[in-house]
Amino acid sequence: MKFSEAWLREWVNPEITTSELSDQLSMAGLEVDSVSPVAPQFEGVLVGEILTVEAHPDAQKLRVCTVDVAADEMLSIVCGAANVTAGMRVPVARVGARLPGNFKIKKAKLRGEPSFGMICSASELGLADASDGIMPLPADAPVGEDIRNYLKLDDQAIEVDLTPDRGDCLSLAGIAREVGVINRCAVTVPEIAPVVAAIPDAVQVEIKAADACPRYACRVIRGINPVAETPLWMRERLRRGDIRSISPVVDVTNYVLLELGQPMHGFDLNQLSGGIIVRQAEAGEKLRLLDGQEIEFTPDTLIIADASSPVALAGIMGGEASAVTDRTQDILLESAFFAPIAMAGKARGYGLHTDSSHRFERGVDPALQAKAMERATALLIGIVGGKAGPVVEVASPECLTQKPAISLRHQRIERILGVTIADKVITDILTRLEMQVETTKDGWMVTPPSCRFDITIEVDLIEEIGRIYGYTEIPTSHAPSTMPIRSKPETAFDLHRAKELLVDRDYQEVITYSFISSEIQSLVDPQQQSIALANPISSEMSVMRTSLWPGLLQTAGYNHSRQQSRIRIFESGLRFVLQGSEIKQKNTISGLLTGDVSQEQWGESGREVDFFGAKADVEAIFSLTGCADEFIFSSGKHPALHPGQTAKIQRNGESVGWLGMLHPKLEQKLELSGATYLFEIALDGLLEGRLPAFAPLSRFPSIRRDIALVLDQDIEFEAVKSCIREAAPEILTDIRLFDVYTGEKVDSGRRSLALGLILQETSQTLTDEAVDGIMDNIVQALEKDLNAYLRE
């Protein structure tokens, strides 16, 4: 919601600065996103009147204008705008003026003709992005007055970011009410008098979906001037509210939307067939909207139709065929209340989002329609003329939510807020918030206004009192209750330490959305059924993630497209898995690395990360448990990972996670370059560690025996290690793999592994005979279990 501060101060004008006003709104729950000038800085631009326009003697497209700016003498200015005519009043930058961008106006000659200034367009003054010609001013604009003063450009545009429950503040009237109650000052509401019907013409209205549309009002206005223009003051207020001026009818409905918060629509009456019918769409019905796109309705869509076909998507956008054009002379104004629950998600379902749908989804005051109709009628007749018919209003009171009185107790307020507030102050706050207040023995009975959909129970009222009274006025107090400190088990996995370890290894932590697109979900984890959202924010956030990898991959892609080739990132968070009819939340830590191992430097040549570098990072995490040897990496298959570089991680036979290189097809689809490695580790109950225990050092020397084994190429080292440990006694303290060879002296499909076996006794010195016996047992076990033999 964006609005002009100057316009707001016509409604309510507390003696506070713009900065104080912004702070007040933010502290009251209406967060101010930005405060910006409504026009860039410029000076020396006056209102001028063009007295004469003559052709330039040497340029066909230029004109020589005589301009009066109420100075000692007239100005001769060369102008190239096609719309310049004698008698116009326009912005004139005199010699010495400075325009936006610090552009200084100087005396010049254009094709031999002297020019003593510049007749400005709206874009040249920073009041529009583009202009077709010079900016015309009203005929009564005072000649010689500074244009900044005339247009009141020393103003600020304030933008507030409202939470979905505060639809009542999506209007200047709602913001003014808040400012008035915060500062305890009066709000001056413009007088809106009923417009007496001058013609009997009316359109019959039938509502077939009263639950979705409990109230619909419309009015015929005939004989409007189709070439009339929206007055400058209204165009400026719309511009400062980020709304583009289109035509008087559209501008008036947008003005009422901005002022009162009621979305309205204007139909070309002569393009309607019969009366208005508010109903649910039928299967196969289509409508070409005002933006040119044609949509096919779903049966749960509320539409506005005439006797023959749909004419508008209710509460969202009108149809192209019945739109008001520059030839329209008879119109039908619409002002309706559509239930928020009926409107929720409908615009997004068609890929749309409009100012109207934004308001109807959050809730428009169901008592506002007639008032808005009278306001729009008066404004419109004042601009384009015409004669209005009677207001036709059809309502279903039984479908309008009635606001019951809520009991508000003194003791409850003090208990919740922790401060005693005088009854007089509470009554004043609630009354200024347009609530009906009745005093009772224990407190008050309070009836919220129809515009407040967010107030239903007692604590909602207490929240209103607290935010208006001021959170800064509530003293800090500490709970007197004892809070026992519970120690964390020493063997529990420390996620914070794991994050620090990854940061120490040059990773950066990222936080990504739990909602992802169904497309990337099907690419990364197609085997896991995704959980679709009933009301997604967008198509890119339509399902809940079953893995943290999609977010990491999107982050990597974002950085790649910005010339960041070396990326090491990790994230910890929840992934959501559907098990039967239940959604399980799995606590997980995941990482991604690509690019060089280290930053570019002179001390060593660049080397890209590889599988074993990623594996080392994962093993470092496992080392924090004190039992890294329990985690087994074995060859596996994952749809998102390269078939030859994928490891499944297990602990005691239970799956812990995955490690591997991104599949080349995914790398291509995601437009990543270079090898990308991923890991994902489940945290829930799988990373319980063990406490370190002291073991005395042996006083006896260790013995190392090296062996070179030849075995099938698909046998993993983990299987070799397990076989050796089962065959060897406890005196085997370490197994070291120091060489892997495939070549001429090894048969095809086999490879040679060179191992160093460390043996050490704690009670005596080992003899060669004892070690030889152990080595024989190991070799026999390898030959029997793995078909391995010693290489000659």
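Start your tour by selecting Val 459, which sits in helix H13 (residues 458–469). Helices here are DSSP runs of H or I with at least four residues, strands are E runs with at least two, and both are numbered from the N terminus. This is a predicted model, where local features need pLDDT of at least 70, side-chain atom pairs count only at pLDDT 80 or more, and totals for chains, interfaces and linings use all residues. Residues are numbered from 1 along each chain as its sequence is written, and side-chain values use heavy atoms, with hydrogens and water left out.

**Stop 1**

Val 459 has a relative accessible area of 32%, so it counts as partly exposed. On this scale, buried means under 20%, exposed means over 50%, and partly exposed is in between (1.4 Å probe, protein chains only).

**Stop 2: strands side by side**

Now select residues 43–56, strand E3, along with residues 59–68, strand E4. Two strands count as paired if DSSP finds at least two bridges between them. Look for His 56, whose bridge partner in E4 is Ala 59. E3 also pairs with strand E6 (residues 89–99), again antiparallel, through 6 bridges. There, Glu 43 stands opposite Arg 98 in E6. In general, strands of a sheet pair through backbone hydrogen bonds, either parallel or antiparallel.

Next, find an open sheet of 5 strands, in the order E12-E15-E18-E19-E20, with mixed pairing. Which strands stand at the edges? They are E12 (205–207) and E20 (317–318); each has a single partner strand, so one side of each is left without a neighbour in the sheet. Further in, select E15 (residues 276–280) and E18 (residues 302–305), which run antiparallel and are joined by 4 bridges. Ile 277 stands opposite Ala 305 in E18.

**Stop 3: the inside**

Select Leu 8 and Phe 3, two of the residues with the most contacts inside the largest nonpolar core, which has 49 residues. A nonpolar core is a set of buried Ala, Val, Leu, Ile, Met, Phe, Trp, Tyr and Cys residues joined through side-chain atoms within 4.5 Å. Apart from that core lies another, of 42 residues, including Tyr 216 and Phe 267. Back at Leu 8, leave aside its neighbours within four places in sequence, and its contacts (heavy atoms within 4.5 Å) are Phe 3, Leu 21, Leu 172, Ile 175, Ala 176 and Val 179.

**Stop 4**

Select residues 232–240, helix H5, where the buried residues include Leu 232, Met 234 and Leu 238. The buried residues of H5 pack against several elements, among them strand E1 (2–4), helix H1 (5–11) and helix H10 (369–384).

Then step to Asp 242, in the loop between H5 and H6. Its phi is near 65°, a positive value in a residue other than glycine. Most residues other than glycine have a negative phi. Is Asp 242 buried or exposed? With a relative accessible area of 57%, Asp 242 is exposed.

For another positive phi near 65°, jump to Gln 563. Gln 563 lies in the loop between helix H16 (549–560) and strand E31 (567–579) and is exposed, at 76% relative accessibility.

**Stop 4: salt bridges**

How many salt bridges does a search of the whole structure find? There are 46, each a side-chain nitrogen of Lys or Arg within 4 Å of a carboxyl oxygen of Asp or Glu.

Select Glu 393 and Arg 215, a salt bridge whose closest N and O atoms are 2.7 Å apart. This pair links distant parts of the chain, with Glu 393 in strand E23 (residues 392–395) and Arg 215 in strand E13 (residues 215–222), 178 residues apart. Glu 393 is partly exposed at 38% relative accessibility, whereas Arg 215 is buried at 16%.

Finish with Glu 374 and Arg 219, a salt bridge with its closest N and O atoms 3.1 Å apart. Glu 374 is in helix H10 and Arg 219 in strand E13, so the pair ties together parts 155 residues apart in sequence. Both Glu 374 and Arg 219 are buried.
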